[in-house]
Amino acid sequence: MKILKLAKPLLVNGKKRTELKYDTSILTISDLSNAETLKFKLVPAEQAASSVAQTDNILHLCVAVMAVLRCEPEVSEEDMLRLEGYDVVQLSRIGQRFFIGSASEIAENSEAQQEVTQEVTSAQ
């Protein structure tokens, strides 16, 4: 579990929150489906259906929202949609890392031996 430190406090149930817990490693297929559903609420259907997960900023936000909601039962989807400014950017980065991994994960795997592929020959 990780902590998102908010630049601007978020009012949840009458209390100012300056941090939110999240964990993308516990997301389920149902959570990803809920993220897609939230995305379709936020953007027009034709726009929502025409993007790739790795580059879809709205989906990144929605996945991160689900990661927070799994760890913070008292926080609602509506609460999360009130985040502003840099907190939105931070949230987007959480969702983006879910799809593309962190730079350290990529760097760790870059030194690993690559899979050997068969030599391709053409028929004569």
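Guide: Start with the cysteines. A search of the whole structure finds zero disulfides. Here a disulfide is a pair of cysteine sulfur atoms within 2.5 Å. In general, such a link is a covalent bond between the sulfur atoms of two cysteines.

Two ground rules come next. This is a predicted model, where local features need pLDDT of at least 70 and side-chain atom pairs count only at pLDDT 80 or more, while totals for chains, interfaces and linings use all residues. Residues are numbered from 1 along each chain as its sequence is written, and side-chain values use heavy atoms, with hydrogens and water left out.

Now the overall layout. The protein has six helices and two strands. Both are DSSP runs, numbered from the N terminus: helices are H or I with at least four residues, strands are E with at least two. Along the sequence the pattern reads β-β-α-α-α-α-α-α.

The part to look at is helix H3, residues 57-71. H3 has 15 residues and reaches 22 Å from its first C-alpha to its last, close to the 21 Å expected at 1.5 Å a residue. That expected span is 1.5 Å times one less than the number of residues.

How enclosed is H3? Eleven of its 15 residues are buried, so H3 is largely enclosed by the rest of the structure. Buried means under 20% relative accessible area, exposed means over 50%, and partly exposed lies in between (1.4 Å probe, protein chains only). The buried residues of H3 include Leu-59, His-60, Leu-61 and the run from Cys-62 through Val-68. Cys-71 is buried too.

What does H3 pack against? Its buried residues meet strand E2 (15-22), helix H1 (29-42), helix H4 (77-80) and helix H5 (86-100). Contact here means heavy atoms within 4.5 Å.

Cys-62 is buried, with a relative accessible area of 1%. Cys-71 also lies in H3. Its relative accessible area is 13%, so Cys-71 counts as buried. Leaving aside neighbours within four places in sequence, Cys-71 is in contact with Met-1, Lys-21, Tyr-22, Asp-23 and Ile-26. Take Met-1: it is 70 residues from Cys-71 in sequence, and the two are 8.0 Å apart in space, C-alpha to C-alpha. Across the protein, 62% of the contacts between residues at least 6 apart in sequence join residues at least 24 apart.

Next, the core. The largest nonpolar core has 23 residues, and Leu-4, Leu-20, Met-80 and Leu-91 have the most contacts inside it. Such a core is a set of buried Ala, Val, Leu, Ile, Met, Phe, Trp, Tyr and Cys residues joined through side-chain atoms within 4.5 Å. Strand E1 (2-12), E2, H1, H3 and H5 each supply at least two residues of this core. H3 gives the most, with nine residues.

Follow Leu-20. Not counting residues up to four places away in sequence, Leu-20 touches Val-68, Glu-72, Val-75 and Met-80, among others. Its partners also include Ile-3, Leu-4 and Leu-6.

The two strands come next. E1 and E2 pair in the antiparallel sense over seven bridges. Strands pair if DSSP finds at least two bridges between them.

Last stop: H5, one of the partners of H3. H5 has 15 residues and reaches 21 Å from its first C-alpha to its last. Its buried residues, among them Leu-91 and Ile-94, pack against E1, E2, H3 and H4. Gln-90 sits in H5. Gln-90 is buried, with a relative accessible area of 18%. Leaving out residues up to four places away in sequence, Gln-90 touches Leu-4, Lys-5 and Ala-7. After H5 comes Gly-101, whose phi is positive, near 75 degrees.
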